[in-house]
Amino acid sequence: MSPAPRRRSVLLATAAVTAAATAPAGAATPVRHRASGPLVIGHRGAAGWRPEHTADAYTYAVRAGADWIEPDLVPTKDHVLVVRHENEIGGTTDVAGRPEFADRRTTRTVDGRAVTGWFTEDFHLRELRTLRTVERLPLVRNRNTVFDGRGRVMTFQEVIDLARRLSGESGRRIAVFPETKHPTYFRSIGLPLEEELIRVIRRNRLTARECVVQSFEPSSLHRIAAARLGLPLWQALGTSGSPYGHAVTYKDMMSPAGLREIASYAQWIGPDKSSLVPPHTLLADAHAAGLKVGAYTFRAENQYLPAAYRRSTAPNDFGDAFAEYAFHYGQGVDAVVTDFPDIAVQAREGLRG
């Protein structure tokens, strides 16, 4: 396809998904079948269209065709698992404007980094319930700020319940894909994630079709594996450095020997999408080790796309996201983690053509 027609098709597709995003949530037509091809995982729901980790974001993702939805897990002071991108919630809730919580602002060292703000571990669940969610990236996704104040902090249990309701609505089995966030840190302050996560999984009798657990820290996954829950595990991989508290580097973990080690306790790896672009051989090496590969994080804005797929110099304009999906689908990834599950699903449907 020549550049001009392709640009025109991208603009038309973008207009379509934008129209869908601004329509009332109840007006969306749920996707009732899963196409063959890679799994589509709604990153924190549909974070490109709604404030992340909200019921609206998760619902939008599933109605757009996502197969799994991703909640990041952090604990409250009373050790309830809630879903937030980070335990610091100054940028994802209205806590900074709540005078009754002004004295909770503090500085903590999380995974070796000093962070100042408000932290879930300093709030009981009943207090978090009074907060309202806001868009984390308002300068990037100004359109999402219209939903500020309309959602609240969800518990992991509520995400499970929502996934089951949406499974019934869509006629598809929707899996939850929880990530243990900063597990070493939380264990160090007496709020370990794994034990509570295991209790919730057992209480809900989640099966391998309903739950896949992920972490960047191998020690966290080893604790989950020891519980013998029968669930797939996903080793997330950074682009540099090491998992916090571990001597092994991500580079070593992505070597053939490192991948064989991962395959001894996990079924998936989750690398940054850039780690799968030739001349990297990670995708083939992982498949050779018996691992499935899910790449993160796919977004539509120019600033998050490789230079070849950008369509203007404005960083927050949409580029040719469809072309990036087509490349990775063509390489043979098993899943994509995306802020825009609707675009990922449309791109997957294009595999049939």
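Mentor: Let us start with Pro-279, which is placed in the loop between β11 (268-270) and α10 (282-288). Please bear in mind that this is a predicted model.

Trainee: What kind of peptide bond joins Pro-278 and Pro-279?

Mentor: The bond joining Pro-278 and Pro-279 is a cis peptide bond, with omega at about 15°.

Trainee: Why does Lys-181 count as buried?

Mentor: The relative accessibility of Lys-181 is 9%. Lys-181 is placed in the loop between β8 and α5 (183-188).

Trainee: Which residues does Lys-181 touch, leaving aside those up to four places away in sequence?

Mentor: Lys-181 touches Asp-72, Leu-73, Val-74, His-85, Glu-86, Phe-186 and Leu-193. Contact means heavy atoms within 4.5 Å.

Trainee: What makes the approach of the Lys-181 side chain to the backbone oxygen of His-85 a polar contact?

Mentor: A polar atom of the Lys-181 side chain lies 3.2 Å from the backbone oxygen of His-85. The cut-off is 3.5 Å for N or O atoms, one able to donate a hydrogen and the other to accept it, so the pair qualifies.

Trainee: Why does His-53 count as buried?

Mentor: His-53 has 0% relative accessibility, so it counts as buried. The phi of His-53 is near 60°, a positive value in a residue other than glycine. His-53 is placed in the loop between β1 (39-42) and α2 (55-63).

Trainee: Why is helix α12 (residues 341-349) described as largely enclosed by the rest of the structure?

Mentor: Of the 9 residues of α12, 7 are buried, so the helix is largely enclosed by the rest of the structure. The buried residues are Pro-341, Asp-342, Ile-343, Ala-344, Val-345, Ala-347 and Arg-348.

Trainee: Which residues have the most contacts inside the largest nonpolar core?

Mentor: They are Ile-69, Val-176, Val-213, Ile-262, Ile-269 and Tyr-325, in a core of 82 residues. The largest share of this core, 6 residues, comes from α4. A second, separate core has 12 residues, including Ile-41, Trp-68, Trp-268 and Val-337. In soluble globular proteins, nonpolar side chains tend to be buried together.

Trainee: How many residues line the largest pocket, and which lie nearest its centre?

Mentor: The lining has 30 residues, and His-85, Glu-179, Lys-181, Phe-216 and Tyr-296 lie nearest the centre. The space in this pocket is about 570 Å³. The lining divides into 10 nonpolar, 10 polar and 10 charged residues.

Trainee: Which elements give two or more residues to that lining?

Mentor: They are β8 (179-180), β9 (213-215), β10 (233-236) and β12 (292-298).

Conventions:
Residues are numbered from 1 along each chain as its sequence is written. This is a predicted model: local features need pLDDT of at least 70, side-chain atom pairs count only at pLDDT 80 or more; totals for chains, interfaces and linings use all residues. Side-chain values use heavy atoms; hydrogens and water are left out. A nonpolar core is a set of buried Ala, Val, Leu, Ile, Met, Phe, Trp, Tyr and Cys residues joined through side-chain atoms within 4.5 Å. Buried means under 20% relative accessible area, exposed over 50%, partly exposed in between (1.4 Å probe, protein chains only). Helices (H or I, at least four residues) and strands (E, at least two) are DSSP runs, numbered from the N terminus. On a 1 Å grid over the protein atoms alone, a cavity is a set of points where a 1.4 Å probe fits but cannot get out, and a pocket is an open set with protein on both sides within 12 Å along at least five of seven lines; lining residues have an atom within 4 Å of a point. Grid points are joined across faces, edges and corners, and a volume is the space filled by probe spheres set on the points. Ala, Val, Leu, Ile, Met, Phe, Trp, Tyr, Cys and Pro count as nonpolar, Asp, Glu, Lys and Arg as charged, and the others, Gly among them, as polar.
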